Amino acid sequence: MLLIVLDGTEPAPGVLGLAQALGGPVHAVAFGRDDDAAAEIAAGLAKQGVGVLHTLRHPLLGDYGPEAYGEALAQLVGRLRPEGVLAAGTDHGTEILAHTAARTGLPLATNCLSVTGGPRWQLTRVRGGGMLLEDAELDAPVKLVTAAQGAEAPSETAVRQECTVEEFLPDLPQELARSAIVERTPRGGGLTLATAPVVVSGGRGVGSAEGYAVLEELAGLLGGVVGCSRVATNNGWRPHSDQVGLTGTKISPRLYVACGISGATQHWVGCMDSRAILAINTDPDAPLVQRATYAVVGDVHEVVPAIVAELHARGVHPDG
Amino acid sequence: MPDGLEVLVCVKRVPASGARVPLTPDGLHVDTRHLGFTIGPHEECAVEEAVRLVGEHGGRATVLAAGPPEVAEQLRYALAMGADRAVLVDTGSDELDPQATAAAIGQAVAELAAEKPPDLVLFGDSSADAGHFQVGVRVACGLGLPIVGGIKGVEVGDGVVRLRREVADGDERYVLPLPAAAGVREGLNLPRYPNLPGRLRAKKAAVHTIVARPEPGGLRTVRLRQPADEATGPVWLGRGAAAAPAVVDVLDELGVV
């Protein structure tokens with residue numbers, strides 16, 4: 001039996017995909033849901049071929065806390081002894097499984113793209129956000145795995161079945177309350193790097209903080225936002241929250257416009273999921289130019305204003 | 001804290017790779033013959049934060065790295081940034097699995113704690129090369145310390161550490177009683193470049209060595225490989241300002257105007 005950790009109220013597509021590839025019965029686990037919520041989640045899971053939803057209940061599981069969640073899951077794993085536990089490779093999914101791994105002494109393979117079952121699982125995991133792939137072998141009585149962002153969604157339609165709800169009451173020491181969330185601030189509305197359909201990014205070739213004004217203008221015309229490379233952040237031209245890359249934000253817009261960015265691997269892995277990339281660079285051999293869909297050879301400060309002027313000439317204006 | 005903060009930072013020596021990561025012929029390692037080494041970006045921020053916290057509260061910032069003797073290079077870099085003490089956990093190997101890495105670091109931290117336990121242990125959220133996202137959690141758990149990852153804000157006071165984390169839909173805040181641990185992310189601060197006096201001091205500083213030979217864990221690397229690179233070269237839209245009409249045609253085709 002495989003146990004999947006829900007990402008909110010449903011399984012992440014990559015997690016279901018890995019579970020399907022491994023085969024066999026699938027159970028799911030949710031934290032701190034009441035009866036009504038659990039029944040609703042179970043109804044959704046039934047369509048995805050999940051047979052049992054285990055709801056973990058305890059006063060410490062009301063809001064997220066990595067230690068309480070990790071310990072509760074560790075106790076459920078001890079009770080059920082599943083063949084494997086799969087979670088999404090998200091902030092919380094990865095963290096919960098890391099705590100479960102630490103508390104059970106089990107190995108954990110994070111960011112897996114594919115898994116093949118057997119006494120030892122053969123898996124391919126993403127290293128460095130996608131710079132390298134690692135083929136690895138996971139040998140443990142219970143295999144703990146997180147699915148990479150790019151892991152394949154399930155290919156076949158799952159066989160619909162009854163999904164029953166089973167309650168599990170973990171025994172959690174009160175001291176684990178120490179790492180619970182004390183406050184949550186939702187992100188303000190509006191476009192963000194992660195959600196914008198167009199991102200216009202600048203790197204070393206922009207040359208200064210002031211140089212981004214024309215990129216802002218182009219982004220405004222295309223209904224997008226401005227991003228930057230690590231060089232720009234390190235030079236203090238843009239805040240780190242604008243940084244696209246392995247240690248910044250991973251983006252997947254319809255169009256990524258990379259202005260004066262050579263494309264070190266650390267940047268590439270942050271933008272490689274863009275549907276189209278337009279690179280503007282003085283160096284036609286720059287790695288990002290070679291990997292782009294479209295390219296213009298030239299200085300950012302000549303090319304971008306000309307594009308803005310051409311858009312204006314064709315009647316494109318902000319909000320219009 | 002009456003005698004200041006005892007801060008411990010764990011860093012990893014990783015290859016400083018450019019646009020493509022070269023591999024050894026057996027596919028087991030990154031070919032580093034023509035690469036330099038560095039501290040990962042998250043961990044550089046952890047060192048900066050430790051130095052900043054000790055500047056604010058007094059105390060001592062210790063930097064620790066596990067690996068072959070060559071990790072002394074990264075430890076000296078952290079000393080040049082302002083760390084007070086360096087500890088090399090000699091594992092005799094440049095890449096251990098995450099359970100073994102955590103065991104080696106845990107053993108070393110326990111030895112150091114016998115002399116003076118740390119108030120705060122900082123890790124990078126994940127290493128820049130292997131990216132296992134778990135060594136910090138395993139070490140903290142082994143030491144009985146609370147830990148939260150993904151941290152972009154750290155403030156210490158009144159016996160607690162206040163942590164801010166950015167997640168997809170907003171910010172989360174945590175207040176952990178000291179002693180505690182955190183996994184930090186780039187963006188927490190802007191790490192300083194070591195100055196000349198710092199570099200000179202670091203060059204002469206002693207590096208304390210602890211030998212650890214941990215048992216391997218259950219995750220074994222079979223081989224590394226390059227992701228399929230589908231780069232076939234771009235569609236060239238022209239040179240300089242003259243390319244603008246062709247660019248706008250493409251923007252139109254893509255449906256973004």
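Reader: What makes the order of the six-strand open sheet, and how do the strands pair?

Author: The order is β12(A)-β11(A)-β13(A)-β14(A)-β15(A)-β13(B), with parallel pairing. Strands here are DSSP runs (E, at least two residues; helices are H or I, at least four), numbered from the N terminus, and two strands pair if DSSP finds at least two bridges between them. β12 (225-228) of chain A and β13 (235-239) of chain B stand at the edges, each with a single partner strand, so one side of each is left without a neighbour in the sheet.

A word on the model itself: this is a predicted model, where local features need pLDDT of at least 70, side-chain atom pairs count only at pLDDT 80 or more, and totals for chains, interfaces and linings use all residues. Residues are numbered from 1 along each chain as its sequence is written, chains are lettered from A and ligands numbered from 1 in the order in which they are written, and side-chain values use heavy atoms, with hydrogens and water left out.

Reader: How do you know that β15 of chain A and β13(B) pair?

Author: Three bridges join them in the parallel sense, and the criterion asks for at least two, so they count as a pair. A:Ala295 stands opposite B:Trp236 there.

Reader: Why is the pair of A:Phe31 and A:Tyr69 called what it is?

Author: It is called stacked, with 4.2 Å centre to centre and 15° between the planes. Rings of Phe, Tyr and Trp (its six-membered ring) pair if their centres lie within 6.5 Å; planes under 30 degrees apart count as stacked, over 60 as edge-to-face and the rest as tilted. A:Phe31 lies in strand β2 and A:Tyr69 in helix α3 of chain A, so the pair ties together parts that are 38 residues apart in sequence.

Reader: And what makes the pair of A:Tyr64 and A:Tyr69?

Author: Their ring centres are 5.1 Å apart and their planes at 70°, so this pair is edge-to-face.

Reader: How do you know where the charged end of B:Arg13 sits?

Author: It sits over the ring of B:Phe37, 3.7 Å from its centre. The rule asks for NZ of Lys or CZ of Arg within 6 Å of the ring centre and within 35 degrees of the ring normal.
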